[in-house]
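Subject: A structure for you to look through

Dear colleague,

I am handing over a structure, shown just below, and my notes on it follow. Please keep it open while you read.

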Amino acid sequence: MGFRPARFPTFSHEDVGNFSLPDRRDTPLYPRTGNTGSSLLQRKVLFIPPQTRHTPAQQALILDHYKPMEAVEEFTKIESIFVRHRNALLVRGQFTPIFTDYYLHLMDLKLRHKEDLDQKLKDLLALLTLHMTARPWAETIAWTVNLRAPRVNFFVTGGSTQENITGNLFTENIKETDRNILYSQTIVPSSEGRKSTVELDSNDPFEWLETYYTQSEQRPARAFQLKDENYAIIAAQPDCDYEWLESLNAEDVEKIMETEETKVLETRKFRFFCGCSVEKILPALAAYKNNKEALFHGDPAIEVSCPRCAAKYIVTPDML
Ligand SMILES: [Zn+2]
């Protein structure tokens, strides 16, 4: 039986960057939710983007290619690499594990985004993951991007200690803006955190990252999509060779370990995971505790979507 969907009346994107998740470095057995039932085979096969349709013969080929014994990493590993002499930080990773779980999540929710919007959301998931690795461990960061045309609102958030990244996109009930804007919110335990707003003059997530670095991080950076779902950003460090940074193209970045003197500084890992649960979502509805009728309108239950990842939860009046 389906229930009437309810949106969070009191939840704004800017407030949702910080569901407290345990520090996963201390809890290696932190349970997975959502995709627990997926077999390895499913994980591989389902990675095929939902827009792609295959003939049975193609499917057979794909199934053969994605053999279940080839273990699929659940996490995407992100490396921070110092480029000596150029004084720049290269952060890079291969995003198939994150994109696989992203598509499994959409499939669970029977959601399918338009292809160009889907790609932008994936780019943002990758770029925020790389950016978090360039930042201190303790930060939880949320980016909201409002685009004017097409009118769409992207939301991505994650944290290094929680080893997670999640996100969602919205095309309905969003504010009309006269410009493209990126809002960034950083939450740091026991400190004030940081908010910044950056005006964007393109529809390209890679340019958004570069604009964000110039204006908010106050140092230039370049962002690249490489082969096989690899992504990279290169951010200037003090005394950076700016001319070199400016001149880089994707091919140069692919070969950088051979052409430059580099040193791997650290590795972090991330997976597509929200951490939401009905218990974490209920406090947002607390305002209705004494006025349940305003929320339920006589219905026995409502369906509430997580504003971070769109996961759906059934809420009944007695749960408030
Ligand atoms: Zn969620």
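Of the contacts in the chain with a separation of 6 or more, 67% are between residues 24 or more positions apart, where two residues are in contact if their C-beta atoms, placed from the backbone, lie within 7 Å. Please bear in mind that this is a predicted model, in which local features need pLDDT of at least 70 and side-chain atom pairs count only at pLDDT 80 or more, while totals for chains, interfaces and linings use all residues. Residues are numbered from 1 along each chain as its sequence is written.

The chain has 10 helices and 13 strands, which are DSSP runs numbered from the N terminus (helices are H or I with at least four residues, strands are E with at least two). Of its 320 residues, 32% count as buried, a term for residues with 20 or more other C-beta atoms within 10 Å of their own, whereas exposed stands for 12 or fewer and partly exposed for those in between, with C-beta atoms placed from the backbone.

Most residues other than glycine have a negative phi, and most peptide bonds are trans. The bond from Ala 149 to Pro 150, however, is cis, with omega near 0 degrees, and Pro 150 lies in the loop between β4 (140-147) and β5 (152-159).

Gln 218, in the loop between α5 (205-217) and β9 (221-225), has a positive phi of about 55 degrees although it is not a glycine; Gln 218 is exposed, with 8 other C-beta atoms within 10 Å. Glu 229, in the loop between β9 and β10 (230-236), also is not a glycine, yet has a positive phi of about 60 degrees, and Glu 229 is partly exposed, with 18 other C-beta atoms within 10 Å.
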